[in-house]
Amino acid sequence: VIESELEKFLLSEIKSKCTIGIVGGSDLKKISHQMGGEKVLTNFDYVFAENGLIAYKNGSFLGKQVCEWILSNN
């Protein structure tokens, strides 16, 4: 779970200077739990769940990739 000091630092010092993305190997539910709740989608510019296969930008669903399709086309 993210510590409040780190979250404060990222949001108050870093976010105004650059884009922040969170990448997790788990589903959005677990990432939300680890990052302090559903606010993760609005606090960070990008959230990539399931190793980047599901993407959110500024709180909105951006897209989803399916590994089977990727592997079968390479």
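A residue counts as buried under 20% relative accessible area, as exposed over 50%, and as partly exposed in between, with a 1.4 Å probe and protein chains only. The structure is a predicted model, in which local features need pLDDT of at least 70 and side-chain atom pairs count only at pLDDT 80 or more, while totals for chains, interfaces and linings use all residues. Residues are numbered from 1 along each chain as its sequence is written, and side-chain values use heavy atoms, with hydrogens and water left out.

**Exercise 1. Describe the aromatic pairs.**

Step 1. Rings of Phe, Tyr and Trp (its six-membered ring) pair if their centres lie within 6.5 Å; planes under 30 degrees apart are stacked, over 60 edge-to-face, and the rest tilted. Two aromatic pairs are present.
Step 2. The ring centres of Tyr46 and Phe48 are 5.8 Å apart and the planes stand at 5°, so this pair is stacked. Tyr46, at 24% relative accessible area, is partly exposed, and so is Phe48, at 23%.
Step 3. Tyr56 and Phe61 make an edge-to-face pair, with 5.8 Å from centre to centre and 75° between the planes.

**Exercise 2. Work out the arrangement of the sheet.**

Step 1. Four strands form an open sheet in the order E1-E2-E3-E4, with mixed pairing; two strands pair if DSSP finds at least two bridges between them.
Step 2. E1 (21-23) and E4 (60-64) are the edge strands: each has a single partner strand, so one side of each lacks a neighbour in the sheet.
Step 3. Three bridges join E1 to E2 (residues 46-49) in the parallel sense; Ile22 has Val47 in E2 as its bridge partner.
Step 4. E3 (residues 54-57) and E4 run antiparallel and share four bridges. Lys57 is bridged to Ser60 in E4.
Step 5. Two residues lie between the strands in the hairpin of E3 and E4, where Asn58 takes a positive phi near 50°.
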